[in-house]
Amino acid sequence: MRSGQTARVRFDILAVMLVLCTLVPIAWAQTENTPGPPVGPETDAPTMPWVGESSAELIVILLSIGVLVLVAGTKAIDLKRKREDEAVRLQAQISDALLRDPTLASLPVAPTVHFPVWRRSPARIEMYGQIPTAELRQAVLHVAEEEASRLLAAFHIHDRMAIVPSARARAA
């Protein structure tokens with residue numbers, strides 16, 4: 001689904017750029033082409049280096065800038081999508097590891113993984129839920145840490161679990 005949306009955005013940006021590029025010669029054709037007062041070092045008027053440049057060069061420069069912006073935006077969207085996919089995969093693996101442990105399988109605990117866009121920053125794993133004892137909390141954190149260390153070099157686990165003694169009856 002996301003690749004279809006990305007392709008649609010790319011197509012829309014390209015279509016807008018093409019329409020704008022076809023309008024540029026029409027706008028230039030409507031301007032007067034009469035020479036103005038002399039502009040140079042002997043006059044007080046500021047010099048403009050782009051005056052007298054060919055319109056084809058300007059179009060090529062504008063198109064090049066547009067393509068660079070399009071490519072950079074596409075790469076950024078693709079990188080964000082890949083990082084979200086990695087986060088979902090790690091989140092599912094931590095959940096599966098918790099379900100494989102019979103003492104932790106019935107606890108209402110959910111991991112949430114956030115990957116930064118830049119790889120140099122560590123991933124953030126947040127553990128949410130209600131735990132009946134501090135020992136079970138440590139066991140949940142240990143399982144999450146083992147699973148994350150198998151796949152990642154840098155991560156931080158944020159404990160957002162609450163110890164609620166009445167959760168014991170719900171966990172059983």
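This is a predicted model: local features need pLDDT of at least 70, side-chain atom pairs count only at pLDDT 80 or more; totals for chains, interfaces and linings use all residues.
**Notebook: a sheet, its helices and one arginine**

I started with the sheet: three strands make an open one, ordered β1-β2-β3, with mixed pairing. Strands β1 (109-114) and β3 (155-163) sit at the edges with a single partner strand each, so one side of each has no neighbour in the sheet.

Next I checked how β1 meets β2. β2 covers residues 123-131, and the two strands pair in the antiparallel sense over six bridges. In β2, Glu126 is the residue standing opposite Thr112.

Then I went to the helices. Helix α2 (residues 55-100) lies across β1 and β2, at about 155 degrees to β1. Helix α3 (residues 134-151) lies across β1, β2 and β3, and runs at about 155 degrees to β3.

I wanted to know which residues touch the most other members of the largest nonpolar core. They are Leu98, Val109, Ile125, Met127 and Val140, out of 22 residues in that core. Two or more residues come from each of α2, β1, β2, α3 and β3.

Last entry: Arg83, in helix α2. Is Arg83 buried or exposed? Its relative accessibility is 5%, and buried means under 20%, so Arg83 counts as buried. I looked for its polar partners: the Arg83 side chain makes a polar contact with the side chain of Glu86 (3.0 Å). A polar atom of the Arg83 side chain also lies 2.9 Å from the backbone oxygen of Pro116. Leaving out residues up to four places away in sequence, Arg83 touches Phe115, Pro116, Val117, Trp118 and Arg119.

Definitions and conventions. Residues are numbered from 1 along each chain as its sequence is written. Side-chain values use heavy atoms; hydrogens and water are left out. Two strands pair if DSSP finds at least two bridges between them. Helices (H or I, at least four residues) and strands (E, at least two) are DSSP runs, numbered from the N terminus. Contact means heavy atoms within 4.5 Å. Axes are lines fitted to C-alpha atoms, for helices over the stretch in contact, and angles run from 0 to 180 degrees between N-to-C directions. A nonpolar core is a set of buried Ala, Val, Leu, Ile, Met, Phe, Trp, Tyr and Cys residues joined through side-chain atoms within 4.5 Å. Buried means under 20% relative accessible area, exposed over 50%, partly exposed in between (1.4 Å probe, protein chains only). A polar contact is a pair of N or O atoms within 3.5 Å; within protein, one must be able to donate a hydrogen and the other to accept it, and residues adjacent in sequence count only if both atoms are side-chain atoms.
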